[in-house]
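Visitor: Please take me through one part of this model in close detail. Then set that part against the rest.

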Amino acid sequence: MGYPHPIHPRETPVLSRHFGEAEARSHAGWVQRGGYRALEKALGMTREQVIEEVKASGLRGRGGAGFPAGVKWSFMPKQKTKAHYLCCNADESEPGTFKDREIMRWTPHALIEGCAIAAYAIQAEQVYIYIRGEFTEPIQVMQAALDEAYAGGILGANAMGKGVRIDITIHRGAGAYICGEETALMNSIEGKRGNPRIRPPFPAAVGVFGCPTTINNVETLSSVPHIIEKGAAWYKGLCLSNPKSTGTKLFSICGAIAKPGNYEVTMGFPLKELLYDVAGGMRPGRKLKAVIPGGSSVPILTAAEAEETLLDYEGCVAKGTMLGSGGMIVLDDTTDMVYQVMRLARFYAHESCAQCTQCREGTAWTVKILQRLLNGEGRKEDLDLLLDLSEQMTGRTICVLSDSCAAPVVSAIRKFPEEFDAYVRRGRPAAST
Amino acid sequence: MSDLIKLTIEGHEVEVPPGTSVLEAAKLVGVLIPHYCYHPGLPVAGSCRMCLVDVEKSPKPLPSCATPVAPGMVVRVQSEQARAARRAVLELLLINHPLDCPICDQAGECELQDYTSQEGRASGRYADYAKRFNPVEDFGPDVLYVPNRCILCTRCVRFMEDVAQEPSLNVSERGDRAHIGIFEGQPLNHPWAGNVVDLCPVGSLLSKDFLHKARVWDLDKTPSVCPGCTQGCNVTLETRDNAVLRLKPRPNPSINRWFMCDHGRLTYAWLNRSDRIEAPLVQRDGRLVPVGWDQALARAIELMRAARGAWIGLVSPGASSEALEAAAQLLKAHGGGGAFRVAEGPEAPLAGVPDLALRKERAPNVHGALAAGFTREWASAVDAAKRAAVVLTLDEDLTGLAQPLTAGKLVYIGTVLPEAARGAAVVLPCANMAEEEGTFANLRGVRQRYGQAKSPPGMARPAAWILGAILEAAGRTAGAPA
C-alpha cells in the first residue's frame, strides 16, 4: 500500500496502488491511471459475459462471508419485472477493519467504476452506496467523485454514452454497526429501523423496496474493474494457496504491531510473514500472544496458530477461524485476554438491534459475567455458564451478531483458560491492563 | 388435494397447503409450539426465537413461525436440541423480568409463566446482578406500559403498524436497553388500541380499566357477542361474583379476527347496573306494586285482551332476536307494528382488516330488529303510541319522550324503571344481554349466539321468556325462547 507507508516489496498492490496519490481522486487523474477503461469494456460486453468473467475470476465477497460475487449476481432474476437495485455496503464498522475507508478516501472512482459495472451486470439502474455516518471524509471524497462522474458522463441516463442508465446515490448511515448487515442496511435505506430481516426471502428476490437487490462490499466492487480489464485468468492467478481463494486482499492490521496500517497481499499469504515482515513485527520487547484475524467477530487465534495460518478463506477455516473482513487485531503478551474479550462483548451488547432474545439479553449477560470476573468476584461456574450461553447464542438468531459476540468469548476461554482461571482463583491479577 | 404438502411433525403426518408455516401446521395435529412474537393476525417477525424446532437435515434449529413447510419435512419439537434452545430463550427472557407475578394482572394467563413452567429451568443462573429497571409509562386512555416485564416481542408495534395502520408505537434504543416507545405528545388513543393489551403475551401492556380488579383465575368466561355496535364482534364476557369485569375478543376469522374495539371493550358498566327492577310490578291505586310473575302476566294478558284499538311496539335494537321476534308476533296478532331507535357515534374502522369497524349504529341487533319487522320510523311510532290501545316496550328506556306516552295501556318490559315508565299498567323486569342466552344478527345478517354470563337480579327474566309466556297464554307459541 502507498499511504502512509511505501509499498512493501512483498505486497501486491492492485486496489491500493494509488493510495496516497491526491490526483487519483479526480476524474482526470483516475482516467490518466487507466480508470473507466474497464467500465467501457464491460458496457460493450453482454451482461452474462460480465457475470461469467467475475464468476471465472473466483472473486469472493470481501465483507466477511466470502460468497462468490459472480454467483451472487447470477441469483438476480434474468427477466426483469421490477426495478433491480445494487447496494454497496460501505458501512465498514467491524472493529479492527478500516480498508474500505481507504479505498473510498483515495480511489473513489474505483468504487464508482466497480458499482457501475456490477449495476450493468445485474440490470440495476440505481445504486446505493451506504456509507458509515462516521466516515465524514470518505463521504466528502465519494460525493465529489460522484459529482465529477456525472459531469463526465460516466453515470446518468446515458452512462458512458452507451445508452444504459446507471444512477448512484450515497446514503449516509447514522451510526449503527448492525446496518452493515445486508438486510438491516436495506431497511436503513428504506428509512426504517436498521433491523436485520428474516430470510427467506433473500435479497435477490425481495430486497430494498421489495425489489431484487444485490449487496456487495466496497472492496469486492472495487476489484471488479481490474478483473474486467485484465481478465479472469489474471485474477485467478493471484493465489498462493487454495485455488478457491483468488485475488488480492487488503488487511487492516492494528493493535500491538510496529507498523499498523492497510497491507494488500495475494490470497494465501502467510499470516506470520505479513505480521513480522510486511507490518514490521511486534513492538520492541513484546511477544505475539494472539491474533483476531478477520475483524472482531471471528474466533481468536493463539500466537502458535496464527504463525501457521495462511491468509485465505480456507486457510483461516483450517485454523478454526475466518478470514472475515481482513481486519486483523494483534494482541501482544501484555494483553489481558479476559479484559479484551469483555471489551469486545460490550461492543456487541451495545450494538445488538434487540430483536432476537439470545442476542439482546445474551450479549449483555455475557458482559456482566466477564465484568464480574474482572472484578475478582467470578466463580468457576461462570466459565461453564459463558460457554453454555455462547452455544445458545450461536446459530439461533436472525443475523450473526450474537454469533460474533460468542465466537471470541468461546475461543478465548478455550485457548487461554489459565487467564480466566486466574481471575476466578485470586481475583484481578497484578499484570492486567 | 394433490397440491398439499405432506410432512411429519412429532411423528404425526399432516398435509397442509404450500406456504403454511411449520407452527401453523403443527397446530393442526394438536402440537402447540411455544411462541411469543408470532401471532396469526400479525406479520411474522421471527425474533423471539421461542418457536425453535429441529428440522431433519437442518444443522441448526429453525424458527417454526418463519419456516414454510416442505415436502417430506420431519419436524421435532421435543428433541433435546430444540428443548435446549427454547429453555435458553426462557432463561434469557427472565433475566431482566421482575418475576412480580403476585401483583401482575397477567398472572394466570401469561405465556411467560406457562412456557416457563412447561419447559423452562427450575431456577435461573442470572444471580447477583441487578435487573434492568424502567418506570411504568402511561401510553394512552386505557393502556399502561410496564417496561420491566416486556419481552420485546413487538406484537404491539406490529399491530399498530400493520393492523391499525397508525404506527404510534416503536422499539426505542438497542440491545438490552430496548423498550417499547411512544412518540412525544402522541398518546396511544387509537379506537382499537386496547388490542395491544390482549396481544401482549406478558403483563407489560395492561388495561387501566382492569388494573388490579381481579385475579384472572377467578373469572368465569362466557362466549358472547359484543353489544357495542352492529359489527357483532365475538367476545368473551369475563365475570366474577355476578359482575362483568372485562370483555375480551374471541377469535372469529370472518367477523372480527382476533380483535375488538375499545368502545366495545370498555362499555360494559351498564351490564352491572344495580338500580334494576327486581320484581314484576302492576299499577294498583295509583302506584306500582310488586307481584309474582303469574299475577303480573295474568294482568298483562287481561289488559291486552280488553284493549280495543291499535297496538304499538317501541323496542330496542339491543334486545335478542328471539325477544324481538316474539314481540313482533304479538304485535302482529293485534294488527300492530313497531319501531326502534339506535344511538349513533362516529364509525372507526380497523384499517388492516376488511369489513371490520366500530360501526356508526351502536346497538348489536339492528339487523335482527329489522328482520323481525320493526322499522326505523321512530317518530311516527311515538306519535302513534299516543293514540294506541296498547304500547309494548321492549328494553327501551323512553328517554326524551314527551309525557304522557300514551292514552292507552303501557306494558313495559325493561331492565330499569325510568320516570317515564311509572305510569305503566304492568312492568315486567327483563334480563340484560349478559344475563340471558340469545342471538344477535350483525350488519351482514350473521346471526350469532351469546351465552348467559351472570344471573339476572331478583325475579327478572329474559325478555324472550316473558314474551313467550304472554304469547303462550294468548294461545300461540313463540318459536323457541331461550
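Guide: Start with the domains of chain B: domain 1 (5–90), domain 2 (130–272) and domain 3 (281–473). These bounds come from an automatic or database domain assignment. The model is predicted: local features need pLDDT of at least 70, side-chain atom pairs count only at pLDDT 80 or more, and totals for chains, interfaces and linings use all residues. Residues are numbered from 1 along each chain as its sequence is written, while chains are lettered from A and ligands numbered from 1 in the order in which they are written.

The classes are simple: Ala, Val, Leu, Ile, Met, Phe, Trp, Tyr, Cys and Pro count as nonpolar, Asp, Glu, Lys and Arg as charged, and the others, Gly among them, as polar.

Now zoom in on helix H4 (residues 155–163) of chain B. Helices (H or I, at least four residues) and strands (E, at least two) are DSSP runs, numbered from the N terminus. H4(B) is mostly covered, with seven of its nine residues buried. Buried means that 20 or more other C-beta atoms lie within 10 Å of the residue's own; exposed means 12 or fewer, and partly exposed lies in between, with C-beta atoms placed from the backbone. The buried residues of H4(B) are B:Arg155, B:Cys156, B:Val157, B:Arg158, B:Phe159, B:Met160 and B:Val163. Their cover includes strand E8 (169–172), strand E9 (179–182), helix H5 (195–199) and strand E10 (205–207) of chain B.

Most residues other than glycine have a negative phi, and most peptide bonds are trans. B:Arg257 also has a positive phi, near 45 degrees. B:Arg257 sits in the loop between strand E13 (243–249) and helix H6 (262–266) of chain B. B:Arg257 counts as buried because it has 21 C-beta neighbours inside 10 Å.

Compare B:Lys57. Its phi is near 80 degrees, positive in a residue other than glycine. B:Lys57 is in the loop between strand E3 (52–55) and strand E4 (62–63) of chain B. With 8 C-beta neighbours inside 10 Å, B:Lys57 counts as exposed.

Chain A is the partner. It has 18 helices and twelve strands. The radius of gyration of chain A, taken over C-alpha atoms, is 22 Å. The globule rule, 2.2 Å times the number of residues to the power 0.38, gives 22 Å for 433 residues, so chain A is as compact as a globular protein of that length. In chain A, 57% of the 433 residues count as buried.

Chain A is divided into domain 1 (22–237), domain 2 (248–330) and domain 3 (337–426). The centres of domain 1 and domain 2 of chain A are 27 Å apart. Their contact takes 13 residues from domain 1 of chain A and 18 from domain 2 of chain A. On the domain 1 side, two are nonpolar, five polar and six charged.

Last, two cis peptide bonds. One joins A:Arg199 and A:Pro200, with omega about -5 degrees. Another runs from A:Pro200 to A:Pro201, with omega near 5 degrees. A:Pro200 lies in the loop between helix H8 (182–189) and E5 of chain A. A:Pro201 is placed in the loop between H8 and E5 of chain A.

Key: Contact = placed C-beta atoms within 7 Å.
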